Amino acid sequence: MIIQRVVLNSRPGKNGNPVAENFRIEEDNLPDNINEGQVQVRTLYLSVDPYMRCRMNEDTGSDYITPWQLSQVVDGGGIGIVEESKHVHFTKGDFVTSFYWPWQTKVILNGNSLEKVDPQLANGHLSYFLGAIGMPGLTSLIGIQEKGHITAGSNQTMVVSGAAGACGSLAGQIGHLMGCSRVVGICGTQEKCHLLTSELGFDAAINYKKGNVAEQLREFCPAGVDVYFDNVGGDISDTVISQMNQNSHIILCGQISQYNKDVPYPPPLPPAVEAIQKERNITRERFLVLNYKDEFESGILQLSQWFKEGKLKIKETVVNGLENMGGKMNVGLCIICMSLAQIFPFFLYFYFPRFFFSF
């Protein structure tokens, strides 16, 4: 059987920006038969996430993710439908997901590496299992639960950087749901700012490309910052940390402004900002959602419930073309989506930096 797959064509270098030419699409042969314990699946959705920038390097700088190999198929979070099964837990027609899904149209996988998903949890929106009711949603929810130290009724203020992204757009909403009295988002366009305040429930939004961020933070956070959901790092985070209160908390979700630089993770703070952090006893601990797998099931159920109740808003846009996916690696987060049947086209959906490609 002839399939299409995406392989790593070249590396951008530790200090380089990813480009489309770092990837290539090629054809390959899929075996006609599967072995006991295996399933053959047709890919429906593939997630392209910020952490994958590290996988493009020979050394990822992390002990929990491995580098992609040149001329080999790349992998990440994915969802597909079972077409043939020789595994006791799966039958034809099941929807399944894995964190290590090869980027190819069809694939044979070990059934033990898969989890079954229930489309009803997302009202049939399978792409949500790689987004709001998947790893980004769990990262936002569990990150806030474990590192945010939010107490309902205590008038806490949360600031979210990368606030229009996959995790940020959810984190702000979840912050309110868990008891924050004020949530302020930081993003890069007026369109995103409007989305945050008009549809996603943020109390205020700051376009970091316009005006003075520090002054706007003082205006929108008059009582200071108690919780900071940090997606970006760099100058934006230094500015937020400088306005954080005594005994406040940083949820260190990501540092995307630093991913094209050869620096350790988490990147060290400038001396002056580090001094503020220590003087004010601000917690800044690395957060890795994979360390909380025992909370995944309850987290998915909570996210699903909020979504069905209309309390968690999810935004997607559609773009076509698997061939364009490599060029989105420098944007932030993508999902490649394939159709459930060959009678309608594959789609690429995206949040404001979250992308879903179609074939």
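Residues are numbered from 1 along each chain as its sequence is written. In this predicted model local features need pLDDT of at least 70, side-chain atom pairs count only at pLDDT 80 or more, totals for chains, interfaces and linings use all residues, and side-chain values use heavy atoms, with hydrogens and water left out.

User: At roughly what angle do the axes of helix α5 and helix α6 cross?
Analyst: Helices (H or I, at least four residues) and strands (E, at least two) are DSSP runs, numbered from the N terminus. Axes are lines fitted to C-alpha atoms, for helices over the stretch in contact, with angles from 0 to 180 degrees between N-to-C directions. The axes of α5 (residues 213-220) and α6 (residues 234-241) come within 10 Å, and they cross at roughly 40°.

User: Which residues of α5 and α6 make the contact?
Analyst: Contact means heavy atoms within 4.5 Å. On the α6 side the contact is made by Ile 236, Thr 239 and Val 240, and on the α5 side by Val 213, Ala 214 and Leu 217.

User: In which sense do β11 and β12 pair?
Analyst: Two strands pair if DSSP finds at least two bridges between them. In β12, Met 244 is the bridge partner of Val 225. Over 5 bridges, strand β11 (residues 225-230) and strand β12 (residues 244-252) pair in the sense called parallel.

User: Which residue in β13 is the bridge partner of His 249?
Analyst: Strand β13 (residues 283-286) pairs with β12 in the parallel sense over 4 bridges. In β13, the bridge partner of His 249 is Thr 283.
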